[in-house]
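Colleague: I have a model open and want to learn how to read it. Can we go feature by feature?

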Amino acid sequence: MSEHISYKDAGVNIDEGNALVDAIKPLAAATKRVGADTNLGGFGGLFDLKACGFKDPVLVSATDGVGTKLNLAFTTNQHQTVGIDLVAMCVNDLVVQGAEPLFFLDYFATGALESHVAADVIKGISEGCNQSGCALIGGETAEMPGLYSKGHYDLAGFSVGAVERDRILPNAQIRAGDSIIGIASSGIHSNGFSLIRHLVEHHKLSYDDKAPFDDNKTLGEALLTPTRIYVKSCLDAVRNHPVSALAHITGGGFLENIPRVLPDNLGAEINVSSWNPAPVYHWLSALGSVQTEELFRTFNCGIGMILVVSKDHAESTCETLRKHGEEVSQIGQIVSRETSADAVTLTHVEQSIWNHE
């Protein structure tokens, strides 16, 4: 009699996948919002845009991942926060265009499904959706033996938001002299971890060591601090103040992201001594092996989101953001520039923690 071979023998456990779906159904249900049917198990997720009350909506979409920060989760066996990172990287991009995030879908791929690990990741995704007010309406769990190393997985996310047509950002009201408001980051967020990992290896550090900048956590735990989600505070600001642009400071840092929301004839002058970044950045700067321009092109350097608003409304906008628990600073101004001039100028470097060269 010939041997019977099953899909499980080939490395794919359908029962484990079904058990995971059952485990995450209440996590998805916890993110339910107006317009969303969060029942999982169908071939697609449904969303009723009309129920949200938009009059002339434009849809805005964003997709992203967590990058090599996942390697820290693998190394430390801590998976509870990378799901928050995943949501944050998508919804913070949506709010930059004035959009309210509506729903989110995730993609979790691994070589051999470990349902307790996947459940921890999706708990984080659910938490991120709750923080941003969007619904987790579906996703995909892919088990692909031989494609991923044991214990490794990859994450991707996709989110859709909506904004009224006449409220799309950036708008045409940006002027030289406008104030630039910076909202503090919670740490490294989800960019630059290839460089972080290189520095940790170069200095022969261990992720199990006590963090040099946090006595209550290991280095791995501290670096896994999740990306801050700015949706609710920024939506409140743009609805109640004449905000003309936002920029999410992610990959490319200040030098690459701020110019994306400015017209060619305007630039940004940033006073880098005007805020006190999270302790992780004091540690990073103290390592002394990365030039200032490289830091500001790679990391958020303590500012995760910026807003551009007329100077007369800067302080009232800051107050609105502070009511949401944000730590904010007026970090610079919009300036006129020639086409050949730098789009972002960093000033007062010598008075800041970045002056290590």
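Colleague: Where does Thr347 lie?

Modeller: Helices (H or I, at least four residues) and strands (E, at least two) are DSSP runs, numbered from the N terminus. Thr347 lies in strand 14, residues 344–347. This is a predicted model: local features need pLDDT of at least 70, side-chain atom pairs count only at pLDDT 80 or more, and totals for chains, interfaces and linings use all residues. Residues are numbered from 1 along each chain as its sequence is written, and side-chain values use heavy atoms, with hydrogens and water left out.

Colleague: Is Thr347 buried or exposed?

Modeller: Buried means under 20% relative accessible area, exposed over 50%, partly exposed in between (1.4 Å probe, protein chains only). Thr347 has 18% relative accessibility, so Thr347 counts as buried.

Colleague: Which residues is Thr347 in contact with?

Modeller: Contact means heavy atoms within 4.5 Å. Leaving aside neighbours within four places in sequence, Thr347 is in contact with Glu269, Ile270, Asn271 and Val272.

Colleague: How do I read a nonpolar core?

Modeller: In soluble globular proteins, nonpolar side chains tend to be buried together. A nonpolar core here is a set of buried Ala, Val, Leu, Ile, Met, Phe, Trp, Tyr and Cys residues joined through side-chain atoms within 4.5 Å. The largest one has 95 residues. Tyr153, Leu223, Phe254, Ile270 and Leu284 have the most contacts inside it. Helix 3 (residues 82–96) gives the largest share of this core, 9 residues. A second, separate core has 8 residues, including Phe54 and Val160.

Colleague: What does Leu284 touch?

Modeller: Not counting residues up to four places away in sequence, Leu284 touches Ile188, Ile196, Leu199, Leu295 and Phe299.

Colleague: How many residues of helix 3 are buried?

Modeller: Helix 3 is mostly covered, with 14 of its 15 residues buried. For length, the expected span is 1.5 Å times one less than the number of residues. Helix 3 reaches 22 Å from its first C-alpha to its last, close to the 21 Å expected. Just after helix 3, Gly98 takes a positive phi of about 80°.

Colleague: At what angle do helix 3 and helix 7 pack?

Modeller: Axes are lines fitted to C-alpha atoms, for helices over the stretch in contact, and angles run from 0 to 180 degrees between N-to-C directions. Helix 3 and helix 7 pack at about 5°, with their axes 10 Å apart. That makes the two helices roughly parallel (angles under 35 degrees; over 145 is roughly antiparallel, 65 to 115 roughly perpendicular, the rest oblique). Val91, Asn92 and Val95 in helix 3 meet Val231, Cys234 and Leu235 in helix 7.

Colleague: Where is Ala237, and which residues is Ala237 in contact with?

Modeller: Ala237 is in helix 7, residues 231–240. At 0% relative accessibility, Ala237 counts as buried. Beyond neighbours within four places in sequence, Ala237 is in contact with Val243, Leu307, Thr317, Thr320 and Leu321.

Colleague: Last, how many aromatic pairs are there?

Modeller: Rings of Phe, Tyr and Trp (its six-membered ring) pair if their centres lie within 6.5 Å; planes under 30 degrees apart count as stacked, over 60 as edge-to-face and the rest as tilted. A search of the whole structure finds 10 pairs. Phe254 and Trp275 are stacked, 5.7 Å centre to centre and 5° between the planes. Phe254 lies in helix 8 (residues 253–257) and Trp275 in the loop between strand 11 (266–271) and helix 9 (279–286), so the pair ties together parts 21 residues apart in sequence. Trp275 and Phe296 have ring centres 6.4 Å apart and planes at 70°, so that pair is edge-to-face.
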